[in-house]
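Visitor: I'm new to reading protein models. Could you walk me through this one?

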Amino acid sequence: MQQQVKILWVDDEIDLLKPHIIFLEKKGYDVDTSNNGNEALEKVLAENFDIILLDENMPGLSGLETLTQIKSNRPGIPVIMITKSEEEFIMDEAIGSKISDYLIKPVNPNQILLSIKKNIDRNKLITQRTTSGYQSDFQNIGSLINDSMNYKDWIEVYKKLIYWELELGSSSDSGMNEVFKMQKSEANTSFAKYINNNYLKWFDPKNEDKPLISPGVFKNKVFPHLKNNKNVVVIIIDNLRFDQWKILQPLIREHLNIEEDLLYYSILPTATQYARNSIFAGLMPSEIERLYPHLWKNDEDEGGKNMHEKELLKHQLNRFGYKTGFYYEKTGNKSSKQKTSATISNVINHQLSVIVYNFVDMLSHARTEMEMIKELARDESAYRSLTLSWFQHSALYELIKFLGQKDYKVIITTDHGTIRVNNPVKIIGDKNTNANLRYKQGKNLNYNAKQVFEITKPNEAYLPKTHISTSYVFTTNENFFAYPNNYNYYVGYYKDTFQHGGISLEEMIIPLITLSSKG
């Protein structure tokens, strides 16, 4: 049986409010009363109340003074301030003291009821509305999944899924969340079939039904602004998923106007070595290897695989006729006011600035390796929350605030997303096979072809071929590769971790946003 909501109503004319109190009691609320601030404080300290209705204009201890002491002793109790005055300074003081609502006398019983429901029953009402809305849309999404025939259809499916994932994330209906997970998994299974049938067709010059992919980011979304003599800042947040962008969006929107909010496709493998190098070079990986062999490293080569982004971008700018200098910076999670100031100073002095932020990628790797981070980011909702917390205190947010006051075009994007994996898929390879859990590249790979997407002719996907028999294989949905020897170790260590490199909506369909300064 649900516990009765307990209300404390504080008003020096409480006797005149008897009809309102009877109305609330008939609605099932337990209402206690007080006619002065001192008595109200005694009751608040002695009993547990779910919500307080507080008159602002009382003799003795005023409503605002009472509010201050209530918040000092019981900060979690929602307080609804009720007043005869509409003076702005009283509203400002009340709101500054973190009231939950503000009502002007005379109030009618329905106004009171609505305010109580907003503050006490809000989560229950949100859950009911969200559950009902998703139930109504469930069939439509299922039809969209079955009918999706091209890359645009899949973008719409993914947008729908992320909308409901975020909505259900604020709901306490665990059963409906399980239904959603099953539908999202179904979507990823169908998406993998679409990629299997269509990915190589994207590289056919005669095919016009193909999406924007990694090599086209600068050409299509950055260079047109340079051509128009705009100052441009490109921000690449490594490993940023669409759902993570959606929770950062409200904060960024306070400082920058969103001109275009679109999704584009990462190339395969959805790994930094391939996708981000492709973005900077404006070329597919095999083209980078052919034109700039000194700037490309294959999986089996030693050393960092993204050490030459600045040089690759310089070559791309030159190929398209842009001789202007530019600023490039790659930064992790460590920052300081001095560092932020230095970044801003460099941005001011260049028409084009490109800054790579690696924190989200570092977070996903840390979650695999550290139990504490795994607990903090135990699921997608917690992962989003941790991303938001980082952003709110990051040097990137300080840069965003600065850019909002100046005349800049700002491009925010990423190289690929990530997915939480759960299902091991066995594979056998030699000692030179790469370590990534979502894709494997090498010779003499042994696997079940029904469980993977395979590219046996790398040149067709513009991927480097290190041996005559080199092939690439990719896991789909929530699968990850595990070797038969050490199988239990792999499964135990990597199950329920966030990985990238393979085929899923989360990894391949990623945000690309164009913004302009409000200043």
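Visitor: Are Arg 276 and Asp 238 buried or exposed?
Guide: This is a predicted model, where local features need pLDDT of at least 70, side-chain atom pairs count only at pLDDT 80 or more, and totals for chains, interfaces and linings use all residues. Residues are numbered from 1 along each chain as its sequence is written, and side-chain values use heavy atoms, with hydrogens and water left out. The cut-offs for relative accessible area are under 20% for buried, over 50% for exposed and partly exposed in between, using a 1.4 Å probe and protein chains only. By that rule, both Arg 276 and Asp 238 are buried.

Visitor: How many residues apart are Arg 276 and Asp 238?
Guide: Their side chains meet in a salt bridge at 3.3 Å, N to O; the term means a side-chain nitrogen of Lys or Arg within 4 Å of a carboxyl oxygen of Asp or Glu. Arg 276 sits in helix H12 (residues 272-281), and Asp 238 in the loop between strand E6 (232-237) and helix H11 (242-253). Helices (H or I, at least four residues) and strands (E, at least two) are DSSP runs, numbered from the N terminus. The pair links distant parts of the chain, with a separation of 38 residues.

Visitor: Which helix holds both Glu 178 and Lys 181?
Guide: These two form a salt bridge as well, at 3.6 Å from N to O. Glu 178 has 44% relative accessibility, so it counts as partly exposed. They are 3 residues apart, about one turn of the helix, and that helix is H8 (residues 174-198).

Visitor: Why does Arg 420 count as buried?
Guide: Arg 420 makes a salt bridge with Asp 496, and the closest N and O atoms are 2.7 Å apart. Arg 420 counts as buried because its relative accessibility is 13%.

Visitor: How many salt bridges does a search of the whole structure find?
Guide: Some of them share partners, joining Glu 165, Lys 184, Arg 241, Asp 243, Arg 384 and Glu 506 into one network. A search of the whole structure gives a total of 24.

Visitor: Which residue's backbone nitrogen does the side chain of Thr 270 reach?
Guide: Thr 270 lies in the loop between strand E7 (256-265) and H12, and is buried, with a relative accessible area of 0%. Leaving out residues up to four places away in sequence, Thr 270 touches several others, including His 416 and Met 508; contact here means heavy atoms within 4.5 Å. At 2.9 Å, the side chain of Thr 270 reaches the backbone nitrogen of Gly 501.

Visitor: What is the bridge partner of Glu 454 in E16?
Guide: Picture an open sheet of 3 strands in the order E13-E16-E15, with antiparallel pairing; two strands pair if DSSP finds at least two bridges between them. The edge strands are E13 (439-442) and E15 (453-455), each pairing on one side only. E15 and E16 (residues 471-474) pair over 3 bridges. In E16, the partner of Glu 454 is Val 473.

Visitor: What percentage of the 519 residues in the chain is buried?
Guide: For the whole chain, picture 21 helices and 19 strands. The C-alpha atoms fill a box of roughly 90 × 55 × 40 Å, taken along the principal axes. Of the 519 residues, the buried share is 53%.

Methods
A polar contact is a pair of N or O atoms within 3.5 Å; within protein, one must be able to donate a hydrogen and the other to accept it, and residues adjacent in sequence count only if both atoms are side-chain atoms.
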